[in-house]
Each structure stands twice: as structure tokens, then as C-alpha cells.
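Subject: Structure handover

Hello,

Here is the structure for you to look through. Please open it alongside this message.

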Amino acid sequence: MKSSLYAYFLPLTFVVIWGLSFVWSEQILKVYSPITMITIRLCLASLILFAFVKFAKKLQKLDRKDWGLMVLVALCQPFAYFIGESYGIVYSSASFAAIMIALIPLMVPLAVWLVFGIRSQWTIFLGLVISFGGILYMILGDNFELVVDIRGILFLSMAVLAAVFYALCISKLTERYNNFTIVFYQTALGTLMFLPLFASLGGFQELRSVPFDFTIFRNIMLLAIFGSGVAFICYVESIKQIGAVRAAMFANLIPIVTVIGAFFLLNQVFTVQKLIGMSVVILGLFVAQIKLRKKDHRIS
């Protein structure tokens, strides 16, 4: 393991980037459909990553036996995750989507326990219960009536499950490949998965019909370079350095970044109900951090 400063810098970097990515995405989704936004983002990210890994000579040859696992990784992230996240934002909001996605760090240790038999401390599961309570309060409201579009909830749940499976699968690949190789292949394969959807759903016509907007272009570039490039490289490297469970737990801070970004960049107004719900969710996330074990369990 590298220095503690390096170990903390990596996860904090992807936390800030992914927290702001919800805000960038919500602005783009006012103009483009989710599939168009994702496809453009991934195409740009693939080209940028390919140029970088070739120039820096970081690209490793993928062993034949690992292609199946890499395709599964790409199917989870970016394909299933981006569909769930983007449509979840469309049918809810950037702030609510970030709160839902914040359940991923708590679901990962649960999945690790169920799949690999590695049991995490009880505070993680207590935090999961508390966070679910906050989510339910935001969804149901004071009168226990549905106040969030059910489609948003379903799509975001899909994103959460995809991210959990991604964390389980990616740990195997980090043992054999560098983070640049993994991120490039998953992004390139994800692009190939989205292109047929993009073409069949009128993506090319949509691009021609929408006038150029510098803010939208800037946000797409930010998502491509930082959201799909820098953040994923830092996340995969974090898994390699400190393990999947601990790396995922740092993502607890993502909703805080998103809420702050949405307030300043989107002028979103938060009701008392939303603030209470968010506070309960974030409380659960921090409860899960109490007395972390000194032993760093990695998925092997």
C-alpha cells in the first residue's frame, strides 16, 4: 500500500468528480436524451483514453480467459449503470439520484458477505437500515404517499445493483491488470454496447436537430474526461490499494458534493422533507464508518 496521503487522495478525487457528475448530467439531460448523452460521453472518453494509454504505453494485452469477465464488467458499468443513473435523474433529480446511489457503499459489503462469505462489521448493516429509512421517507413523505416517480426509483435501483456487481467483478481484474487497461476496455466495450441503441433511437437525428450549446458541450467533456476517465481510474486504483469494501465506503460523501453542487449550479430548492431524508441517509452512511476493522479484507 502506498502512502496514506495517496490512499486518501484517490477516493476523494472520484468522490468530488462523481458528486458533480450528477449536476453536469442533469443540465445535459434538459437538452439530450439519456442514450444520446451517454453515447457521446463514452465515445469521447474511449478516444481520449485510447490516446492516453497508447502514448503512455499503459495498455496491457487482455488474456483470452479474461474477456468474458471484462464484458460482464462493461455490461454492469457503464452499460446498465449509466442507463439506470441517467433515466433515474430524468424521473427524479440530481440530488435524489445521488442519495439513492449512495446506497452502493453499503450494498457492496452485504454482497461481499453473501457471495464470498467475508463478513463486515455490524455497524455497516445498521447504517444500511438507517439509510433505507431516509430513502423511504423521501419517497413516501409525511402521509406515506408516493412523492417520487416510481420510474426514477426503479432505474436508480438498477444502477445500484449494477454498481454492486461491478465492484465484485472488477476486484478479480485488478489482480492482473493496471487500472488504465481496465478502464479503457470497460469504456470501449460499453461504447460498443450503446451504439446500436443510439442509432436505433434516432441519436444521429437528435444531434443534428439540437443547436450547439457551449455549456452542454463543456459538461459532456467534463463527464468524458473526468467522469468516465479520471474518476474510474482513481476508483479502480483505490480498489487495488485499499480493497473494494473500503473504497466503496468513501462514496458516502458523494451525496454531499451533489447537494452542494445542485444548490449552487442548478439553484435547486430543498424542502424540509428532502433535507430530513437526506440527513437520515447521510447519518446512516456515517454510522457505517464507525470503528472500521483494521484488517483490510480484499476480494480474492
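Below are my notes, grouped by topic. Keep in mind that this is a predicted model.

**Salt bridges**

How many salt bridges does the structure hold? There are three.

Start with D66. The side chains of D66 and R176 form a salt bridge, with 3.0 Å from N to O. Where do the two residues lie? R176 sits in the loop between α7 (150-173) and α8 (179-200). D66 sits in the loop between α2 (34-55) and α3 (67-90). The pair therefore ties together parts that are 110 residues apart in sequence.

D66 has another partner. It also forms a salt bridge with K65, where the closest N and O atoms are 3.7 Å apart.

Is D66 buried or exposed? D66 counts as buried, because its relative accessibility is 3% and the cut-off for buried is under 20%. K65 is exposed, with a relative accessible area of 57%. R176 is partly exposed, at 36%.

The remaining pair is R151 and D149. Their closest N and O atoms are 2.8 Å apart. R151 is partly exposed, with a relative accessible area of 43%. D149 is partly exposed too, at 27%. As for shared partners, salt bridges join K65, D66 and R176 into one network.

**Helix α2**

α2 has 22 residues. From its first C-alpha to its last it reaches 31 Å, close to the 32 Å expected at 1.5 Å a residue.

Two of its residues deserve a look. T36 is found in α2. T36 counts as buried, at 1% relative accessibility. Which side chains does T36 contact? The T36 side chain makes a polar contact with the side chain of S33, at 3.0 Å. It makes another with the side chain of E206, at 2.5 Å.

L42 also lies in α2. L42 is buried, with a relative accessible area of 1%. Its C-alpha is separated by 7.5 Å from that of A188. Along the chain, L42 and A188 are 146 residues apart.

What follows α2? The helix is followed by K57, whose phi is positive, near 55°. K57 is not a glycine. Its place is in the loop between α2 and α3. K57 is exposed, with a relative accessible area of 75%.

**Helix α8**

α8 has 22 residues. It reaches 32 Å from its first C-alpha to its last, close to the 32 Å expected at 1.5 Å a residue.

Take the start of the helix. There, a side-chain oxygen of N178 reaches to within 3.1 Å of the backbone nitrogen of F180.

Where does α8 bend? The bend is at F194, by about 30°. A proline, P196, follows within four residues.

L197 counts as partly exposed, at 28% relative accessibility. The C-alpha atoms of L197 and T39 are separated by 8.9 Å, while the two residues are 158 residues apart along the chain.

Just after α8 comes G202, which takes a positive phi of about 80°.

**A nonpolar patch**

Which residues make the nonpolar surface patch? They are W113, L114, V115 and F116. The patch covers about 390 Å². F116 has its place in helix α5 (residues 104-116). F116 counts as partly exposed, at 33% relative accessibility.

**Where to look**

Then go to T36 in α2 and its contact with E206. Next, see the bend of α8 at F194. Finish at the patch made by W113, L114, V115 and F116.

Best wishes

Technical notes:
Residues are numbered from 1 along each chain as its sequence is written. This is a predicted model: local features need pLDDT of at least 70, side-chain atom pairs count only at pLDDT 80 or more; totals for chains, interfaces and linings use all residues. Side-chain values use heavy atoms; hydrogens and water are left out. A salt bridge is a side-chain nitrogen of Lys or Arg within 4 Å of a carboxyl oxygen of Asp or Glu. Buried means under 20% relative accessible area, exposed over 50%, partly exposed in between (1.4 Å probe, protein chains only). Patches are made of residues with over 30% relative accessible area and no salt bridge: like charges are joined within 9 Å, nonpolar side chains (Val, Leu, Ile, Met, Phe, Trp, Tyr) within 5 Å. Accessible areas come from the Shrake-Rupley method with a 1.4 Å probe; for residues, only the protein chains shown count as cover. The expected span of a helix is 1.5 Å times one less than its number of residues. The bend at a residue is the angle between axes fitted to the seven residues ending there and the seven starting there. A polar contact is a pair of N or O atoms within 3.5 Å; within protein, one must be able to donate a hydrogen and the other to accept it, and residues adjacent in sequence count only if both atoms are side-chain atoms.
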